[in-house]
Amino acid sequence: MQYHLNGFKPGNLQVADAARVPDPIPPLVDLPDEVDVLIVGCGPAGLALARQLADFADIRTCIVEQKAGPMLFGQADGISCRTLEIMEAFNSSELLVKETYQLRQNAFWEPDVNQPQHIKRAHKVADARLGLSEFVHGVVNQSRLHDILLDGMASSINHLRPHYSRRLLELNIDQILTQDLKAYPVTATFERLNATIGGSETHPAVRTETIKARYIVGCDGARSAVRKNLGIALQGDSANKAWGVMDVLLVTDFPDIRVKSFIQSKEHGAVMLIPREGGYLVRLYVELDLLGQDQRAAQLDLNADDIIAKARLIMNPYQLDVKEVAWWSIYEVGQRVAERFTDLPADLTDAERAGRIPRAFVAGDACHTHSPKGGWGLNTSLPDTFNLGWKLAAVLQGKARPELLQSYEAERRKVAFMLINADREMSALVATQPKKDAAPVKTNTADIEKFIARQNGFIAGTSIGYDASYLCCGHEHQALATGFPVGQRFHSAEAVRLADGCPVQLGHLVKADGRWRIFVFADAVSPVTTTAANPGSEALRLLEFLAHNPQSPLLKYTPAGADIDSVIDVYSVFQQQDLALENLPGSLDPVLQPQKGKFGLRDYEKVFQTDAGHDIFNQRGIDRERGCMVIVRPDQHIGALLPLTDQVGLAQFFARFMIDNG
């Protein structure tokens, strides 16, 4: 797809450039008096959380934003493989894939040895992230990601829409009520930024509004008002380096203008060039000046022309004829992480923390700040609340114990430290003058390439894993499926649906609906041949347990009258190529072909077999003789890897945090 030929226009890229106009500012609607979850901030973290919760009819959610309307010009641009996997969980990956510019190559430029004032390409390589996912790392205006999430919210059962033009004035949490699950301990007061002045006796002007909530989540950015009201400090390095960033339409003779390029000059600094969607737009990150103690980037008194001039110096001898600047900014490089991610005090002992219910959370840039290169913030912020959302839903719906909410901080704070450490290293490698009054460092783009290769799984978001806990266990059985590391996301691969021969990405079955998944990868014994010498497969015995045993987590945690897969969804993958649905034991229909909905219609999409051309057993290192079961959390991370014979371990896994429906 091509767009922006005659100038950058924000908005829906499915609309032709000539006809595209920004959506109007939404009208003001009064805030509700009480909600279950109050979300502050319409960035990627806030919208991803709202998008999840919008699909739960019994959860009342409100999201507020200080700006007057949706984002038009995005700050972040990179959309990682993992972010696309998450968007697929919202059934929204196709449009992003269609619109994004796919990053498939990296080019590295250094000073020309023979003419040091000029730059010269060192080499060009394939992007190191290729093959880590069925999706490819791409680039698109952040506003398009927001638009898709907003559309999904509006189309949900709750028709959820943000309340814009609200600035948080005050936040109070009643500590007496925090341990009462039915209470609303959170009170938030907002100012309506564009409320009508004056009013009448019957319709007085409303300048402030108060809302009560069971939980609040601060997704309101680096200067988070929620974080400040909770008294949470940021810890880490202050900014010491300024960079300019701009999206431009330009005419140039630089040969790699449509390739992600790392460019280092001898004396003038560095540029990171990112091709943008539509075929013409380009983003430039341009190294500027070092900052003094307590100095802010805004004090440099630079503008877009200064950034362009610096880029021209760095990219000499190539010409940059900038025709239009769509967006620009100057930012500071600093790395900080919040001392805690919830309202629970950081100094609680394990005994004091046991049983405590956190009521307030911070996510996204509200709890980790860093440089914006490559969209790392967006691609870390969105998974923050993808982790938190299902946990809030499970607790609010009475499916899980409230202590589950403590796991959000334990899992995502580790990732935040990984982020800022990687950002600190990357920023030092890309920059050419790391300290004030220091001489420029010897340029070496090979170090950047090595860093990218070493960190490719983290940059793509595909290798991020959570530490061993009651939500991530079974590491001792990892040899049963070496390609499904416990704690990491379930790495999708194709299998063939038995009912109709359709190839399916198994990872795409794990939707953002709050449900758990159990993937049963069957052992080598045929499920349809039972003799004295062949008493049947372990997979069938496990499925029999799931369908009929009182200790089955399906039977223990599914509410009476609900579909059998409404809490835990089971899929089976068999190795044999000569199977047919009618040959599988009828006693297993409750899990293999369950009858669902008000008409009791059969679900024919639970049973798979391997694809001879894309054998998932080979691709993911699954033990063909013994098989295994993989328990996948609602956020697509692997919660446990167990032998097919470990029915007790399966029951114990869910018993640690789930609430029996009886």
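Q: Which elements do the buried residues of helix 12 pack against?
A: The partners of those buried residues are strand 22 (516-521), helix 13 (553-557), strand 23 (568-574), helix 14 (589-592), strand 27 (628-632) and helix 16 (647-655). Bear in mind that this is a predicted model.

Q: And which residues of helix 12 are buried?
A: Helix 12 covers residues 538-548, and its buried residues are Ala539, Leu540, Leu542, Leu543, Phe545, Leu546 and Ala547.

Q: OK, switching to rings. How many aromatic pairs are there in the whole structure?
A: The search turns up 23 aromatic pairs. One of them joins Tyr571 and Phe608, a tilted pair with 6.2 Å from centre to centre and 55° between the planes.

Q: Where do Tyr571 and Phe608 lie?
A: Tyr571 is in strand 23 and Phe608 is in strand 26 (residues 607-609), so their pair ties together parts that are 37 residues apart in sequence.

Q: Are those two, Tyr571 and Phe608, buried or exposed?
A: Tyr571 is buried, and Phe608 is buried too.

Q: Which residues do ring pairs link into a cluster with Tyr571?
A: The cluster takes in Phe484, Phe490, Phe519, Phe521, Phe608 and Phe617 along with Tyr571.

Q: What lies over the face of Tyr571?
A: That's Lys606, at 5.1 Å from the ring centre. There's also Arg258, which lies over the face of Tyr101 at 4.7 Å from the ring centre.

Q: Which helix gives the largest share of the lining of the largest cavity?
A: Helix 8, with six residues. At least two lining residues each come from helix 2 (81-89), helix 8 (376-396), helix 9 and helix 11 (456-460).

Q: What's the lining of the largest cavity like by class?
A: Eleven nonpolar, six polar and three charged residues.

Q: And the second largest pocket, what volume does that have?
A: The second largest pocket comes to about 270 Å³. Its lining has 17 residues, with Gln406, Ser407, Ala410, Ser469 and Tyr470 the closest to the centre.

Q: Where does the largest share of that pocket's lining come from?
A: From helix 9 (residues 407-430), which gives three residues to the second largest pocket. By class, the lining of this pocket splits into seven nonpolar, four polar and six charged residues.

Q: What's Thr380 in contact with, leaving aside its neighbours within four places in sequence?
A: His368, Arg412, Val415 and Leu419.

Q: Last one, Gln102. Where does that lie?
A: Gln102 lies in strand 4 (residues 101-102). At 28% relative accessibility, Gln102 is partly exposed.

Q: And which residues does Gln102 contact, leaving aside neighbours within four places in sequence?
A: Val97, Val136, His137 and Gly138.

Q: How are Gln102 and Ile79 placed, in sequence and in space?
A: Gln102 and Ile79 are 23 residues apart in sequence, and their C-alpha atoms are 9.4 Å apart.

How values were computed: Residues are numbered from 1 along each chain as its sequence is written. This is a predicted model: local features need pLDDT of at least 70, side-chain atom pairs count only at pLDDT 80 or more; totals for chains, interfaces and linings use all residues. Side-chain values use heavy atoms; hydrogens and water are left out. Buried means under 20% relative accessible area, exposed over 50%, partly exposed in between (1.4 Å probe, protein chains only). Helices (H or I, at least four residues) and strands (E, at least two) are DSSP runs, numbered from the N terminus. Contact means heavy atoms within 4.5 Å. Rings of Phe, Tyr and Trp (its six-membered ring) pair if their centres lie within 6.5 Å; planes under 30 degrees apart count as stacked, over 60 as edge-to-face and the rest as tilted. A charge sits over a ring if NZ of Lys or CZ of Arg is within 6 Å of the ring centre and within 35 degrees of the ring normal. On a 1 Å grid over the protein atoms alone, a cavity is a set of points where a 1.4 Å probe fits but cannot get out, and a pocket is an open set with protein on both sides within 12 Å along at least five of seven lines; lining residues have an atom within 4 Å of a point. Grid points are joined across faces, edges and corners, and a volume is the space filled by probe spheres set on the points. Ala, Val, Leu, Ile, Met, Phe, Trp, Tyr, Cys and Pro count as nonpolar, Asp, Glu, Lys and Arg as charged, and the others, Gly among them, as polar.
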